Amino acid sequence: MWIGGKFIESSKTASMSPPHEHKHILGKYYLAEKKHVELAIKSALDAKENWSNMRWEERASIFLKAAELVAGPYRDKINAATMLAQSKTIFQAEIDAALAIHEDQKAAIQIQHDILKSSEEKVMECQTEFI
């Protein structure tokens, strides 16, 4: 598991398999223990400070880059993982994963942009009326 940018193993693991074929083991994953949850919470709270001080355009660029990666070089991997983990067909995986992630990220950024632009316009109107 990844916590705070570091790969962390635990002593407990579990196997993963597709929902339609439990005997087919795809791999294993580490189970988090209480100390891992506490470390993840601390890491998230530490990251929150930097994230909240970042301009919204910088935050948006991170999400847009992720959307482009999912739509481009990682599309096949996202679809394959969705097919295996959720017993989806390629068509279902495309709709549920790669396409959805890409479009949702872009839409969320556009909504944020529109909200901020609207807010700025309202502030300008209020300042004009006040003067």
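Contact here means heavy atoms within 4.5 Å. The model is predicted: local features need pLDDT of at least 70, side-chain atom pairs count only at pLDDT 80 or more, and totals for chains, interfaces and linings use all residues. Residues are numbered from 1 along each chain as its sequence is written, and side-chain values use heavy atoms, with hydrogens and water left out.

**Exercise 1. Describe the surroundings of T82.**

Step 1. Leaving aside residues up to four places away in sequence, T82 touches S87, K88, A93 and A97.

Step 2. T82 belongs to helix α3, residues 75-86. Helices (H or I, at least four residues) and strands (E, at least two) are DSSP runs, numbered from the N terminus.

Step 3. Is T82 buried or exposed? Buried means under 20% relative accessible area, exposed over 50%, and partly exposed in between, with a 1.4 Å probe and protein chains only. T82 has 9% relative accessibility and therefore counts as buried.

Step 4. Look for a polar contact, which is a pair of N or O atoms within 3.5 Å; within protein, one must be able to donate a hydrogen and the other to accept it, and residues adjacent in sequence count only if both atoms are side-chain atoms. The T82 side chain reaches the backbone oxygen of I78 at 2.8 Å.

**Exercise 2. Summarise the chain as a whole.**

Step 1. The chain has four helices and four strands. Read from the N terminus, their order is β-β-β-β-α-α-α-α.

Step 2. Of the 131 residues, 15% count as buried.

Step 3. Among contacts with a separation of 6 or more, residues 24 or more positions apart account for 39%.

Step 4. The accessible surface is about 10100 Å², and 60% of this belongs to carbon and sulfur atoms. Accessible areas come from the Shrake-Rupley method with a 1.4 Å probe; for residues, only the protein chains shown count as cover.

**Exercise 3. How many aromatic pairs are there, and which parts of the chain do F7 and Y30 tie together?**

Step 1. Apply the rule: rings of Phe, Tyr and Trp (its six-membered ring) pair if their centres lie within 6.5 Å; planes under 30 degrees apart count as stacked, over 60 as edge-to-face and the rest as tilted. The count is three aromatic pairs.

Step 2. F7 and Y30 have ring centres 6.0 Å apart and planes at 75 degrees, so this pair is edge-to-face. F7 is in strand β2 (residues 6-7) and Y30 in strand β4 (residues 27-30), so the pair ties together parts 23 residues apart in sequence. F7 is partly exposed, at 45% relative accessibility.

Step 3. W51 and F63 also form an edge-to-face pair, at 5.8 Å centre to centre with 85 degrees between the planes. Because W51 lies in helix α1 (residues 34-53) and F63 in helix α2 (residues 56-71), the pair ties together parts 12 residues apart in sequence. W51 is partly exposed, with a relative accessible area of 34%, and F63 is partly exposed at 34% relative accessibility.

Step 4. Ring pairs link W2, F7 and Y30 into a cluster.

**Exercise 4. Where do the partners of the salt bridges lie?**

Step 1. A salt bridge is a side-chain nitrogen of Lys or Arg within 4 Å of a carboxyl oxygen of Asp or Glu. The structure holds four of them.

Step 2. K34 bridges to E38, with the closest N and O atoms 3.8 Å apart. Both residues are in helix α1, four residues apart, about one turn of the helix. K34 is exposed, with a relative accessible area of 63%, whereas E38 is partly exposed at 44% relative accessibility.

Step 3. E57 bridges to R55, the closest N and O atoms being 3.3 Å apart.

Step 4. R75 bridges to E94 with the closest N and O atoms 2.2 Å apart. This pair links distant parts of the chain, with R75 in helix α3 and E94 in helix α4 (residues 90-130), 19 residues apart. R75 counts as partly exposed at 23% relative accessibility.

**Exercise 5. Which residues form a nonpolar patch on the surface?**

Step 1. Patches are made of residues with over 30% relative accessible area and no salt bridge: like charges are joined within 9 Å, nonpolar side chains (Val, Leu, Ile, Met, Phe, Trp, Tyr) within 5 Å.

Step 2. M16, L26, Y29, L31 and L84 form such a nonpolar patch, with about 400 Å² of accessible area together.

Step 3. L31 sits in the loop between β4 and α1 and is partly exposed at 32% relative accessibility.
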